[in-house]
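Open your viewer and keep the sequence panel beside it. This tour tells you what to select at each stop and what you will find there.

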Amino acid sequence: MYATGKRLKVIADTLFKGNKSALARELEMKPQALAKYLKGQSMPGGHILIRLHDIGVNINWFLTGLGELLHRRTGGVAEPDEHYLEGPRKDDLTVDEVQILEKLDRFSRSLQEMALSPALQQSLLLVFLRHIHQETDEAE
């Protein structure tokens, strides 16, 4: 179960007065497909993340639950990665979770060194997170 389903409901409530069909239209998907995401059965891909960003959603919040729902337009990635990577106190995380954050931090910093669009950076971060998630699942 993905927590992003709950966050999509918050987005529908906040931006579309609870109208999930309107959210689906904005995300360029059918309401039936959105329902799978809302139930936490599927994790949205890069296209959905780009559309969420385009309607003002802070992708860092969407993926982690940390920070504000809406992003500040800065011309780059919505907010500094350090803000979110420092959000959880390392004392509250497992060793595996700390390692995941460290991997994500290194990858995020390497993306920032490249001249990539914010949308591409966010999509690559999602792919990397999925890769880490698959590694974790395979290790269990």
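**Stop 1: a leucine to start**

Select L38. This residue is partly exposed, with a relative accessible area of 22%. The scale works like this: buried means under 20% relative accessible area, exposed means over 50%, and partly exposed lies in between (1.4 Å probe, protein chains only). L38 sits in helix α3. Helices (H or I, at least four residues) and strands (E, at least two) are DSSP runs, numbered from the N terminus.

L38 and A3 are 35 residues apart in sequence, yet their C-alpha atoms are 9.0 Å apart in space. Next, show the contacts of L38; a contact means heavy atoms within 4.5 Å. Leaving aside neighbours within four places in sequence, L38 is in contact with G5, K6, L8, K9 and K20.

**Before you go on**

This is a predicted model, in which local features need pLDDT of at least 70 and side-chain atom pairs count only at pLDDT 80 or more, while totals for chains, interfaces and linings use all residues. Residues are numbered from 1 along each chain as its sequence is written, and side-chain values use heavy atoms, with hydrogens and water left out.

**Stop 2: the whole chain**

Zoom out and show the cartoon. The protein has eight helices and zero strands. Of its 140 residues, 38% count as buried. Take the contacts with a separation of 6 or more: residues 24 or more positions apart account for 48% of them.

Now colour by pLDDT, the predictor's confidence in each residue, from 0 to 100. The protein averages 78, and 79% of the residues score at least 70. Which element has the lowest mean pLDDT? Helix α6 (residues 81–85) does, at 48, whereas α2 has the highest, at 94. Select residues 74–85: pLDDT stays under 50 over this stretch. Where pLDDT is low, the predicted coordinates should not be read in detail.

**Stop 3: the largest core**

Select L8, I11, L23, L27, L52, I55 and F62. Of the 23 residues in the largest nonpolar core, these touch the most other members. A nonpolar core is a set of buried Ala, Val, Leu, Ile, Met, Phe, Trp, Tyr and Cys residues joined through side-chain atoms within 4.5 Å. Five helices each supply at least two residues of this core: α1 (4–16), α2 (20–26), α3 (31–38), α4 (46–54) and α5 (59–64). In soluble globular proteins, nonpolar side chains tend to be buried together.

Not counting residues up to four places away in sequence, L52 touches L8, I11, L27, V57, I59 and F62.

**Stop 4: along α4**

Select α4. Its residues I48, L49, R51, L52 and H53 are buried. R51 has a relative accessible area of 17%. What lies 2.7 Å from a polar atom of the R51 side chain? The backbone oxygen of E26 does. Leaving aside neighbours within four places in sequence, R51 is in contact with E26, L27 and E28.

Move to G46, also in α4. G46 is partly exposed, at 24% relative accessible area. G46 and Q122 are 76 residues apart in sequence, but 7.6 Å apart from C-alpha to C-alpha. Beyond four places in sequence, G46 touches S123 and L126. After α4 comes G56, whose phi is positive, near 105°.

**Stop 5: two loop residues**

Select K17, in the loop between α1 and α2. K17 is not a glycine, yet has a positive phi of about 50°. K17 counts as exposed, at 80% relative accessibility.

Select E28, in the loop between α2 and α3. Phi of E28 is also positive, near 60°, and this residue is not a glycine either. E28 is exposed, with a relative accessible area of 53%.

**Stop 6**

Finish with helix α7 (residues 95–113). Its buried residues are V98, L101, L104, D105, S108 and L111.

Definitions and conventions. A polar contact is a pair of N or O atoms within 3.5 Å; within protein, one must be able to donate a hydrogen and the other to accept it, and residues adjacent in sequence count only if both atoms are side-chain atoms.
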